[in-house]
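Here are my notes on this one, in the order I'd go through them. Have the viewer open as you read.

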Amino acid sequence: VSNKARYGQYTKTFPVLDGRIPSVCEHVFEENLRNSEACIQRYSELLCKVSKGGGENAILRHTQRNKKLLVRERLRMLLDDETFLELSPFAGVDLPYGDVPAAGCLTGIGKICGIWCVFMANDATIKGGTIYPISVKKQLRAQQIAIQNKLLSVYLVDSGGAFLPLQAELFPDQSHGGRIFYNEAIMSAMKIPQVAVVCGSCTAGGAYLPTMAEETVIVDKIGTMFLAGPPLVKAATGEDISSEDLGGASMHSKVSGCVDHFASSEKEAYECVRNIILTLNYELPPEETLEYDDPLYSAEELLGLAPRGYSYTLHIKLILSRLIDGSRFQEFKAEYGTTLVTGFAHMEGHLVGIVANNGELTHDASLKGSHFVQLCSQRCVPILFLQNTAPHAPEPTSLSQAEDHTNRLKAQASMMAAVACAAVPKITLVIGGCYGNESYAMCGRSFDPNFLFLWPNARVALVDSRHISTFPQARDDDCIGDDSELKHLKDKLDEESSAFHSSARLWDDGIILPQNSRKV
């Protein structure tokens with residue numbers, strides 16, 4: 001028996017949470033359940049839409065005329081025969097410049113030959129693999145995850161280059177397209193392996209991506225690499241030349257030396273990648289099966305605990321009891337700052353520190369959170385933040401309230417500093433609202449968590465649209481104007497704060513179903 005397994009036996013003495021739903025809360029549970037079912041229906045509809053890529057005609061053109069595999073078929077050949085975590089599948093949906101399902105590429109985390117890796121795979125059925133601003137943002141996020149977690153990266157390149165009408169949002173700035181190539185160089189210096197497969201067109205700036213990888217495989221007849229294709233060569237020089245002669249597999253593997261491996265088929269290419277990964281001299285972690293208990297309460301009941309609004313929030317321990325091993329929780333400062341719940345638990349055998357909203361982030365709650373986060377950092381324990389922040393703290397109406405307000409802000413700033421400086425993995429799960437300054441202290445996106453996921457019912461905004469009339473600016477005619485302008489602002493906030501609006505813009509790493517939270 002390993003030390004870790006033996007140590008796990010002792011943790012079964014952690015106190016067990018009471019996860020029974022009080023009868024007086026059943027009406028709230030039912031309201032939340034109805035809201036969750038509506039959100040999940042929209043989630044399912046969007047997922048179905050995104051999974052179809054560029055549509056039936058584009059799929060036929062991709063598979064029949066171009067003789068290429070679909071992106072998910074490619075991943076099935078590349079990855080080990082087990083599930084993988086897809087990131088941000090709703091990115092690019094219903095953006096101002098149009099619909100770009102999944103941002104035109106699949107990114108995620110899976111295993112190849114037992115080694116965890118990040119993959120980035122263009123979907124050429126979507127706009128011919130054209131790169132949009134949201135595509136760049138999604139690929140940069142995948143690279144950031146690879147850098148932060150030191151994960152091997154694999155690129156499946158099948159791209160027609162940048163979408164020129166949006167070049168001003170793609171090319172010139174620090175976090176635009178060129179950053180992908182900069183990151184490749186930085187990852188190489190960090191000794192993070194990168195392997196690329198040219199399994200389609202690889203045009204203009206996109207041609208740098210495979211040439212900067214450590215090893216590159218190109219597929220015969222379908223893989224091409226050039227800065228400008230045959231039409232531009234014809235326009236510039238008058239010369240007729242085929243794609244194969246200009247930048248095909250034979251030319252790059254025999255003449256230019258830009259690629260390292262020639263593959264006669266896609267199947268051979270992905271087998272080659274798996275063989276390359278076997279040469280990385282990685283030491284696989286020992287196969288240790290962690291023993292753990294399931295929660296004592298059904299994960300399906302999380303649908304009735306996911307709040308439709310802040311006023312429909314039930315006690316956070318009801319959610320915890322359905323997420324953690326054996327519903328066991330070693331609480332920290334249980335009687336102090338009770339609007340924030342902190343403590344230790346196990347998630348599928350892994351020890352985690354939990355920081356969970358249970359009301360407003362008061363002065364005492366913030367100090368407690370700051371103390372606990374520093375404790376986790378000191379002990380090298382990863383932190384899971386369950387975020388459901390209060391929509392708006394009321395404005396102070398007296399001197400004593402103003403002093404309390406100032407003390408609260410100072411304590412929240414202390415917690416923000418602790419969260420920002422905690423040198424342990426941090427995962428944030430937004431289970432309800434992600435509002436205003438309290439979301440920063442709960443490790444919102446700007447505080448750089450390793451991952452941030454949303455439940456479908458989540459709301460992300462500076463303020464809650466349902467409370468907009470309580471803000472001084474909303475009562476100021478010079479700021480807002482008449483009632484029709486206020487209504488327009490509320491409608492705009494309501495639309496922009498939905499989880500789907502957030503995920504479409506990559507403000508998170510994806511929407512996950514409550515019942516799948518443990519696995520994710």
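1. A quick term first: "buried" here means under 20% relative accessible area. This is a predicted model, and by that cut-off buried residues account for 51% of its 520 residues.

2. On the overall fold, you'll find 20 helices and 16 strands. The radius of gyration is 25 Å against 24 Å from the globule rule for 520 residues, so the protein is as compact as a globular protein of that length. Along the principal axes, the C-alpha atoms fill a box of roughly 80 × 70 × 40 Å.

3. Take contacts between residues at least 6 apart in sequence: 73% of them join residues at least 24 apart.

4. Now the rings. Searching the whole structure gives 10 aromatic pairs. One of them is Y43 with F90, edge-to-face at 5.4 Å centre to centre and 85 degrees between the planes. Y43 is in helix α2 and F90 in the loop between β1 and β2, so this pair ties together parts 47 residues apart in sequence.

5. F90 also pairs with F500: the centres are 6.0 Å apart and the planes at 50 degrees, so this one is tilted. F500 belongs to helix α20 (residues 499-504), 410 residues from F90.

6. Put together, ring pairs link Y43, F90 and F500 into a cluster. Y43 is buried, F90 is buried at 1% relative accessibility, and F500 is buried at 6%.

Conventions: Residues are numbered from 1 along each chain as its sequence is written. This is a predicted model: local features need pLDDT of at least 70, side-chain atom pairs count only at pLDDT 80 or more; totals for chains, interfaces and linings use all residues. Side-chain values use heavy atoms; hydrogens and water are left out. Helices (H or I, at least four residues) and strands (E, at least two) are DSSP runs, numbered from the N terminus. The radius of gyration is taken over C-alpha atoms; the globule rule is 2.2 Å times the number of residues to the power 0.38. Buried means under 20% relative accessible area, exposed over 50%, partly exposed in between (1.4 Å probe, protein chains only). Contact means heavy atoms within 4.5 Å. Rings of Phe, Tyr and Trp (its six-membered ring) pair if their centres lie within 6.5 Å; planes under 30 degrees apart count as stacked, over 60 as edge-to-face and the rest as tilted.
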